[in-house]
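Here is a walk through one structure, taken a piece at a time. Have the viewer open as you read.

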Amino acid sequence: MDFDDGVGSRVVTPPASRSWDAGRGGFLVDSLLSEQGDLSAVERFAQFHEDVLEPLQGRYYSALLPASPPGPGQQLAFEVDLDRCSGCKACVAACHTLNGLDEGESWREVGLVVGGLAALPVIQHVTSSCHHCLDPACLTACPVNAYEKDPVTGIVKHLDDQCFGCQYCTLACPYDAPKFHPGKGIVRKCDMCGDRLKGGEAPACVQACPHEAIRITVVDRAVVRARAEAGEFVATASDPAYTAPTTRYRSLMPVDFRPADEIGMKLEHAHMPLVIMLMTTQLSAGGFLVALFARLAGLAEGLGSPPHLGFCLVFLYIGLAASLFHLGRPLFAYRAILGLRHSWLSREVLAFGLFAKLATALVAAELLAPDWMAGHAVLRTALLVVVVVAGLGGVACSVMVYHAVRRPFWQARSAGVKFAGTTLVLGLAAALVSVSVSSALALNGPAGLLIPVLAGALIAASAAKLWFETGDSRERDETVVEPLRLTAGLLRGPLKRTADFRRWLGVAGGVVVPSLAIAAAAQGGDKVVAALAVVALTASIGGELLERFLFFRAVTRPRMPGALTS
Amino acid sequence: MTTTLDRPSILKRIQALLHAKEGPLTRELVREPGRFGLGQVPATKIPDATTVMVCGFCSTGCGLTVHLQDGRAINLTPTTDYPVNRGLACPKGWEALTVLDAPDRATVPLLRNQAGARSPVSWHEAMTTMAARFHAIQARHGADSIAFLSTGQIATEEMALLGAVAKFGMGMVHGDGNTRQCMASAAVAYKQSFGFDAPPYSYHDLEESDCIILIGANPCIAHPVLWERVTKNPHAPEILVVDPRRTETAMAATLHLPIRPKSDLTLLYGIAHLLIKRGAIDRAYIDAHTRDFAAFAEFVRPYEPALVARETGLAPQVILDAAARIERSSRVSLWWTMGVNQSHQGVKTAQAAINLALMTGNIGRPGTGANSITGQCNAMGSRLFSNTTNLLGGRDFADPADRACVAAILGIPEANIPRRPSLSYDGIIEGVKSGAIKGLWIVATNPAHSWIDQSTLRETLGKLEFLVVQDMYHSTETARLADLLLPAAGWGEKEGTFINSERRIGLIKKVRRAPGQALSDFHIFTLAAHYHGCGAMFREWSSPESVFQILKRLSAGRPCDFSGVADYHALDLAGGVQWPYPAANPDPSPRRRLFSDGRYYHADGRARFLFDAPRPLPEPPDAAYPFQLLTGRGSAAQWHTQTRTAKSDVLRKLYPRDPYVEINPADARELGLVTGRWGVVESRRGSARARAFVTPTVPAGLLFMPMHDGSTNRLTLAAFDPESRQPAYKACAVRIRAAADGEAAHPTSGPTTH
């Protein structure tokens, strides 16, 4: 270091051209502007610790790191002493800066809870990032195996180059730890600054906390498991039994907290490609299903033939295409089935992939070799059965995709009814269109009984589904879990107009127009029936799209306690 | 680069297509050793040099190590071996560079034409116009018809140059700083009690104290790095927090005293009385080093616990408990900030704290003191050298000896030094209102947001013939009113020194190029002098460092003497230097406190006991306006009018997006307000919309709103401390109701909201 060699006396002298007395102010301006552009700090001041590789800050934070690495049955974990946290949130800013994250990006967040007695109120900031769970929901959910849990440290690491941006992990994590980066099309998340820890350095948040509220400890996995099963974690956060989060929150203040954002009027992302994908795949599966029923009932006229099956197939391809738009990196869509062993999303992709291939084969056969197909009735039916099984399997996987992330509004008993309902409603509506249009264009013989049967079934299915959905927005008492009460509040509040419109479309497309179609069919007006059928399908599609839009928008996301919306 | 396509690499590539453990996205987040003792840093931001400078937000004065590439700042981390912050910073400090890159930086002078439109002009035209307009106004209305409003946010050298150019060169008489809004009461209190404006402490006192009394202070949020000192105190100290709200700091107290707003003066007198009654005073210290104790003891005699309890809302037992804890402790320190200063009786409240320290001998020893925690990064520089209400170096304009002294040091005619002190901030605003002041030059402050009671301020500023605003951003509420906007370089784009709360002089350095044609404030003042025709007087003031040498001469022999600091290089090596640091026999210890010898700055060397009867609230709540409104800092991520902190996405994540009002659950229930619901807060002067935040931490009958939203000061009452002329931001009467549907659909928007 060279700070005592006399450089201290070095002063940058003003440019010689500067003259106080010159009347030529412009000259002075120019010289000042040029001086302003000079960056002088490096020349003017000495460099300190230039070749010091180890972190100077280590002297303050070394006590916050474990003395020895985790042994068998152990892992690393964050420990937060809530009573030491002052709420300054330096941890969030440091995570951003020390990890070179993009503008606005940070993997740590600080929520707020309030509570206590009137005589002794309590306010508590809660800092959190990834909890490096024993059973990471993100890892289980990921269809491309972009998550790894380190067998020694237990750190849940995200492989950024493996991620294809499906964001399913962001739905699965109950703590909002993985963050989608729209610009890069991938998720990124906290890795506990794993390479810092490897080098004996503290994670950014640990280094930065002025009050030593965050530390890294070695925890026994069995202890974490037991605490999680006993429901011990942090006030107002999601049930730890789901993922067994390893972060230990300590506080001496056992009080009844409420999150500062408890009213939770937050609307979740609509995920429009998924809304479209779920609607169209279900229409398609339903369309094939109705065709199968018709064939088994001996009413295959107009439904077992290429126009109807092709019509359904088109929707299936629209759905599969839409799902690509959901991906941050669609080029890597082929990776989607890597997680077959654990991810319902991989299974959904596989099932719909099979469905598409089989259905395409069936339609091709019906188109290219209709006579041969007609001559092999059993095979023809069997092929249709296989197609239907694949389609319904896909729909079932869709149900499980949402069921698996443990949001009450998305539980199978609700999502299953809705997805099955959509499958039936749209399958019937599509069939009604196929039959009536074929009939009007005289492609087939007269539709006969099929119109009233299909329309009647459509009315019944739509009415049942709409009735079922009214439960979502009904005022709930305390016996209903809080997330469902919040969802109901959203549907009655900020989403009320959308929900009303959805019902209106559903009633129109699923009840009123099909009734008119029955009446028109009785009058024998083929073209009118066909027109009404198209209207019924269009309105039903609109209604189901809105239903699915609300499915995403109105769900309550389990997460760490928050503060007023930032 | 050539790529070999042998079999293993092809296999590897195919495998990577299926399972990519590495790649460009992974590399974006790699961390590598950064040298310079930094440990690992982002591989994309490896510095080739570093340099340390003090933060430009608050007065804690943290050292920040700026990471440089080719001399340009690319990142920063708090400095481990800076004596103030030991490698820690609050979010503002961490994000200090980000806010320099904002798109609304002022990059070129903007001049308003006859039609009222503003357009870019050259510096030459801007400064020619400014000089011509100011000359013309002065010619018609007298030299004192132009004035300036300065700031605690620019370097000491810059504020000294501004004060000198404006007053000695341009002939102005009136100029004041925004430090009036935060520190004036403390400054006046110290000056009267000690004989000089001298906060006596070192931050280390927070670690050495065994009883820490925080009055109207919430360091957890406002000064987190000072709170760190409290958490490192090894003596398990008593922590007494006097605050109407149960803040984060109050949560950490061993005894929270949730008094009624502005009853702190009564409480402190009550505690003084109890300590005197119990004999828990330091008679020897009082006799040796103070004056007027007997009168004080007599004065506080009526402040019995029953009376104090009635006034403060505390139980008498709690007051006795507080006094007992002080009595039991041997190193008591009292700390205050805006809760005391921003009051209609701030000076006397601060002096009540000083009195407690004096009478118990808790001053001049480790872990003691009556300690004002300052607000802005260079409020302390402003108090000594802004040349506004005090003559340079904490001197008196009205004192002929002081004038002669300054004239001699600067080599300027004594006649150029005004013989009367400036009007204070409120007086300048009144002067504009009355028409006595026709031209105003506002530097690095945002009165159109921050000044108390905004209801008439904009109209008032509209009366000016010529308003010059000098700022980093063209978008501040005030900058948008300017007839001439001068684009200024910010912290990190210029050199100079700041003085922090513990009197530590620290450096700021030039590590970024200012955008466009923005110039450092120093250079702008240089231009102003030149174009006004008084440049010759400031020939020696050629650079910040040459002004530093002038300031040393001005400080010599004064309590704030730092003539022993050689230059910027010496400051850099030492990690900042606390004043006093005289040329002769300076104490080189890195942390020092004042008055260890018991000698104060009054001529007789004795401190004064100063006191006065508490006065009623300027606007007590009544039936029409039943709530009392408190204002203050919202979060550690926000700074004042948010002209800077709103420009960082990370900081914006850390505080609520919309303005909010804290309300007690009982009041909220009655009014039908729930958390998140929009409410309307109204005072006799204006109204503001804010989302309710229902929390038991604010007592019933009180509301709290952060000062960071522009609408808060539409509510506040323009009441002032009579001695310090500091505005009383923290208590006025308001009412609140739930907003009607649609009423809150468009919250106040301004440069501070995005």
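## Ground rules and a buried strand

"Buried" here means under 20% relative accessible area, "exposed" over 50%, and "partly exposed" in between, using a 1.4 Å probe and protein chains only. Helices (H or I, at least four residues) and strands (E, at least two) are DSSP runs, numbered from the N terminus. This is a predicted model, in which local features need pLDDT of at least 70 and side-chain atom pairs count only at pLDDT 80 or more, while totals for chains, interfaces and linings use all residues. Residues are numbered from 1 along each chain as its sequence is written, chains are lettered from A and ligands numbered from 1 in the order in which they are written, and side-chain values use heavy atoms, with hydrogens and water left out.

Start with strand β3 of chain A, residues 121–128: eight of its eight residues are buried, so the rest of the structure largely encloses it. A:Pro121, A:Ile123, A:His125 and A:Thr127 point one way, A:Val122, A:Gln124, A:Val126 and A:Ser128 point the other, and all are buried. Its partner is strand β2 of chain A, residues 109–116, and the two run antiparallel over eight bridges (strands pair if DSSP finds at least two bridges between them). One of those bridges links A:Glu109 to A:Ser128, and four residues sit between the two strands of this hairpin.

## A helix in chain B

Helix α5 of chain B covers residues 156–169, and its 14 residues should span 20 Å at 1.5 Å a residue; the end C-alpha atoms are 18 Å apart, which agrees. (The expected span is 1.5 Å times one less than the number of residues.) Of those 14 residues, 13 are buried. After the helix comes B:Gly171, with a positive phi near 85 degrees.

## Rings and charges

Rings of Phe, Tyr and Trp (its six-membered ring) pair if their centres lie within 6.5 Å; planes under 30 degrees apart are stacked, over 60 edge-to-face, and the rest tilted. The whole structure has 44 aromatic pairs over all chains. B:Phe57 and B:Trp639 have ring centres 6.1 Å apart and planes at 75 degrees, so they meet edge-to-face. Both lie in loops of chain B, so the pair ties together parts that are 582 residues apart in sequence. B:Phe57 is buried at 2% relative accessible area, and B:Trp639 is buried at 6%.

What about B:Tyr425 and B:Trp451: stacked or edge-to-face? Their centres are 4.1 Å apart and their planes at 5 degrees, so they are stacked. B:Tyr425 is buried at 0% and B:Trp451 at 4%.

Charges join in too; one sits over a ring if NZ of Lys or CZ of Arg is within 6 Å of the ring centre and within 35 degrees of the ring normal. B:Lys509 lies over the face of A:Phe45, 4.1 Å from the ring centre.

On a 1 Å grid over the protein atoms alone, a cavity is a set of points where a 1.4 Å probe fits but cannot get out; a pocket is an open set with protein on both sides within 12 Å along at least five of seven lines, and lining residues have an atom within 4 Å of a point. Points are joined across faces, edges and corners, and volume is the space filled by probe spheres set on them.

The second largest pocket has a volume of about 1,300 Å³. Its lining has 45 residues, with A:Glu109, A:Asp176, A:Lys179, A:Arg557 and B:Lys653 nearest the centre. There are also 16 cavities of 30 Å³ or more.
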